[in-house]
Amino acid sequence: MDLHKEIYIPKPSPHDPDNNGHFGSVENGQVGFGGRFVPETLMPALEQLRLDYEAVRFDEDFWKEVDYYYKNYVGRPSSLYFAENISKELDAKVYLKREDLNHTGAHKINHCVAQAILAKRLGKKKIIAETGAGQHGVATATVAALFGLECEVFMGAKDVARQELNVFRMKLLGAKVHAVESGSKTLKDAMNDAIRHWVTHARDTYYLIGTVAGPHPYPMMVRDIQSIIGWEAKAQLDVVEGCLPDKVIACIGGGSNALGIFNHFLQDESVECIGIEAGGEGLDCKHGCSLEKGSPGVLHGQLSYLLQDEDGQVQEAHSISAGLDYPGIGPEHAFLKDENIVTYDHITDDEAMDAFVWLSQSEGIIPAFESSHAVAYLKKMKPEDVKGKTILVNLSGRGDKDMIQAQDILSDKFN
């Protein structure tokens, strides 16, 4: 397969949600994960979006337009890099899917380009977005500038402070950035405010959600778009190794980069897909492990696993990486966990920072704090689970955005 000539078009998945957006069967009165738990005023907009997306989901002309920008603007296909030094150290074959080399520095640009093209087709003049680490906000501001759309980005005040360079990038690109002061002042609260804004502006505004979460059809739609990552990686690995990977590893906040690389491997029984949550300061302390420590509940228009207390009040998540600092998870991940289709584990802040330095000094590649969680799992696995294996790691973003924070954390180490 020549990826420079081929056009990525999504295919139906056996894990697609039903018409109401629920992943998994409905049993004993228990509704499947996902759905639409939103104010009535948003239901017509969501239903129309579902119909509009279904009209283009497998449409070759739509994906040809997306493909043009992927190849000429984003820089796809992203490379598959053999991490030779780390591979020698671990006695394995470790490949990195280099989403960090995309224009704007992360996988987020993939779904932003496709959704912006859809928004224009729908006649929308404005787009809004939420962002945590700022990569989705930057990517949204980027496509807004590219396609001549007005743009507003909602970002928690805590994240605004620790990602000030990305905030400036968004403003430079022409976006208006709202620093959200409510709640924990992080991604959860940014998404709350974005949804509130959309309720009163749905007629002329497209909400460009940044992950595989939110009300139907967003989890399915973003999953479809991001699956270009795994589609490319599978073809690339077949060329260089002639085989499937033994393991595919990706970090998880809302879950878009993980589902993006997992989706084309989920039907291959020989491949173990591993999603890594934010262990933060430890599971007995502050963390962001919605799947490992959470329980089913409703947040941001969906039923999924989330961190909540006995009264159902959403608890604050914690991670050194703003992109993983989210108390919920995309509903398809919740389904894949309960069905034991994907393995889920966690990495702590300290382990992620060790991996941040390790990859930087071993391969000359500085990963985002988010991606560092996936890289760190290479060392957490038992040696017998690594030795002789072919392992694919999704490097979802680069560490440029984290340099100020990294400098503060690692100042003693390098002084």
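## Surroundings of Leu101

Leaving aside the neighbours within four places in sequence, Leu101 is in contact with Ser79 and Arg398, where contact means heavy atoms within 4.5 Å. The model is a predicted one, in which local features need pLDDT of at least 70 and side-chain atom pairs count only at pLDDT 80 or more, while totals for chains, interfaces and linings use all residues. Residues are numbered from 1 along each chain as its sequence is written, and side-chain values use heavy atoms, with hydrogens and water left out.

Leu101 is placed in the loop between strand 4 (93–98) and helix 4 (108–121); helices (H or I, at least four residues) and strands (E, at least two) are DSSP runs, numbered from the N terminus. Because its relative accessibility is 48%, Leu101 counts as partly exposed, on a scale where buried means under 20% relative accessible area, exposed means over 50%, and partly exposed lies in between (1.4 Å probe, protein chains only). The C-alpha atoms of Leu101 and Ser396 are separated by 9.2 Å, although the two residues are 295 residues apart along the chain.

Among the buried residues of helix 4 are Lys108, Asn110, His111 and Gln115, together with Ile109, Val113, Ile117 and Leu118. The end C-alpha atoms of helix 4 are 20 Å apart, which agrees with the 20 Å that its 14 residues should span at 1.5 Å a residue; the expected span is 1.5 Å times one less than the number of residues. After helix 4 comes Gly123, with a positive phi near 80°.

Helix 1 (residues 43–56) also reaches 20 Å from its first C-alpha to its last, close to the 20 Å expected for its 14 residues. Its buried residues are Leu46, Leu49, Arg50, Asp52, Tyr53 and Val56, and what covers them includes helix 2 (60–74), helix 4, helix 8, strand 8 and helix 9 (218–226).

Strands of a sheet pair through backbone hydrogen bonds, either parallel or antiparallel.

Strand 9 (residues 247–251) runs parallel to strand 10 (residues 272–280), to which five bridges join it, and the bridge partner of Ile249 in strand 10 is Ile274.

Strand 11 (residues 295–299) and strand 12 (residues 302–306) pair in the antiparallel sense over five bridges, with Val298 opposite Leu303 in strand 12. Two residues stand between the strands of this hairpin, in which His300 takes a positive phi near 55°.

## Aromatic rings and charges

Eleven aromatic pairs are found in a search of the whole structure; rings of Phe, Tyr and Trp (its six-membered ring) pair if their centres lie within 6.5 Å, and planes under 30 degrees apart count as stacked, over 60 as edge-to-face and the rest as tilted. The rings of Phe82 and Tyr95 have centres 5.2 Å apart and planes at 45°, so this pair is tilted. Phe82 lies in strand 3 (residues 80–82) and Tyr95 in strand 4, so the pair ties together parts that are 13 residues apart in sequence. Phe82 is partly exposed, with a relative accessible area of 32%, whereas Tyr95 is buried at 7%. Ring pairs also link Tyr8, Phe62, Trp63 and Trp231 into a cluster.

Two charged side chains lie over ring faces: Arg98 over Tyr81, at 6.0 Å from the ring centre, and Lys379 over Trp358, at 4.3 Å from the ring centre. The criterion is that NZ of Lys or CZ of Arg is within 6 Å of the ring centre and within 35 degrees of the ring normal.

Notes:
Pairing = 2+ DSSP bridges.
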